[in-house]
Amino acid sequence: MTHCRITFDGPVILGAGLAGLTAALAAKRALVLSPTALATGCSSAWAQGGMAAALSDEDAPALHAADTIAAGAGLCDPQAVDLLTTEGPAAVRALAALGAPFDKTGDDFVLSLEAAHSRARVARVGGDGAGAAIMAAVIAAVRATPTIEIRENARARRLLQDATGRVVGVLAEIDGQLVEILSPAVILATGGVGGLYAVTTTPKEVRGEGLGLAALAGAVIADPNSSSSTPPPSTSAATPRPWPPRPYAARGRSCATATPAPSWPTITRRPRTGPARRGRPGHPCRTRGRPRRLPGRHGGGRGSAATSRGNSRPCSRPACAAASIRAAP
Ligand SMILES: Cc1cc2nc3c(=O)[nH]c(=O)nc-3n(C[C@H](O)[C@H](O)[C@H](O)COP(=O)(O)OP(=O)(O)OC[C@H]3O[C@@H](n4cnc5c(N)ncnc54)[C@H](O)[C@@H]3O)c2cc1C
């Protein structure tokens, strides 16, 4: 495989879901890498229900935060909840201003009451078409911004680090060619880990590779065992599984007594004692110095055996294998 090096003068964004493309619009100048054509291969385009935010006069971010913390049953990071609930309303309004056709009555969002929310706060698009419609608006805005460059058929393989361990770019496979992209910033927006599950409603491209790349670069991955899984997929034999019809998410249904709601993985920097670490210490399975459970279609499904401490065998998990590419030929 050939190998070349380029320099980009803005952030390189790994992933073209809602997070990646929103970051690109905020940065104004950015290079976005997407393994697939835009609007495919990402959870964002598959989201159905809508976006929860305190958008009505009867609601407030603090109420939204309290509901989220309660439903989280001890798994939520309060700072993350505070950020999401405080900035949520402006984020939804910004997407609407970009052209996402949220259901409205006059200037007011039509809001539905769902799950553990104590107020009606889920803003929908055409009933169940939120993800595709929001992504269409965001993609149109990105394509209309000439300073944002998109590379499709481009998958990040490794983060590039200097001698101090600082991330200075990314090694990507673009159209079958390995390319080192040097850049002042790299933004990881590769989504969740759902694609690793044998039974999943998530696109297969979304398999935690950003977490693996970050771990190999020295980050500590918190709570990789937490993953969103409600409502459960239908019993269809298709892979990935389609969701059951939307009425499953009945108005006001409480999930507080079901499986605890997920907390998204957070990444913190591991203290460095020397030059850039390579190899086992950064293995995605090794977290907070103790064995962790990871989801997998490779080892008995959810909660399969942890493999971290003292394990000298290479892990065959797809995320780990994909992240294990160390050097270009
Ligand atoms: C069926 C379904 C229904 C949902 N319904 C709702 C809902 O109603 N409301 C709600 O709030 N949330 C919902 N969600 C969750 C929501 O869609 C996600 O939380 C959100 O879209 C995540 O956005 P993201 O940009 O972080 O990740 P994604 O949209 O998954 O984007 C990740 C991107 O990273 C790319 N990528 C992966 N690996 C690499 C790599 N190595 N290099 C470069 N790029 C890479 C992927 O191809 C993709 O483009 C739903 C999810 C699913 C699957």
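Let me begin with what I mean by a helix, namely a DSSP run of H or I with at least four residues, while a strand is a run of E with at least two, and both are numbered from the N terminus. Helix 2 is followed by Ala73, whose phi is positive, near 50 degrees.

This is a predicted model, in which local features need pLDDT of at least 70 and side-chain atom pairs count only at pLDDT 80 or more, although totals for chains, interfaces and linings use all residues. Residues are numbered from 1 along each chain, as its sequence is written.

Staying with helix 2, residues 61-72, we have twelve residues that reach 16 Å from the first C-alpha to the last, close to the expected 16 Å, where the expected span is 1.5 Å times one less than the number of residues. Within helix 2, His64, Ala65, Asp67 and Thr68 are buried, which for us says that 20 or more other C-beta atoms, placed from the backbone, lie within 10 Å of a residue's own. These four lie on the same side of helix 2, because they cover an arc of only 165 degrees around the axis, taking the directions from the helix axis to the C-beta atoms. The buried residues of helix 2 pack against helix 3 (78-98), with contact counted when C-beta atoms, placed from the backbone, lie within 7 Å.

Now to the ligand, which has 34 residues around it, with Gly15, Gly17, Ser44, Gly49 and Gly191 coming nearest; a residue counts as near if its C-beta atom, placed from the backbone, lies within 6 Å. Helix 1 gives the most to this shell, with three residues.

How values were computed
Buried ≥ 20, exposed ≤ 12 C-beta atoms within 10 Å, placed from the backbone. Contact = placed C-beta atoms within 7 Å.
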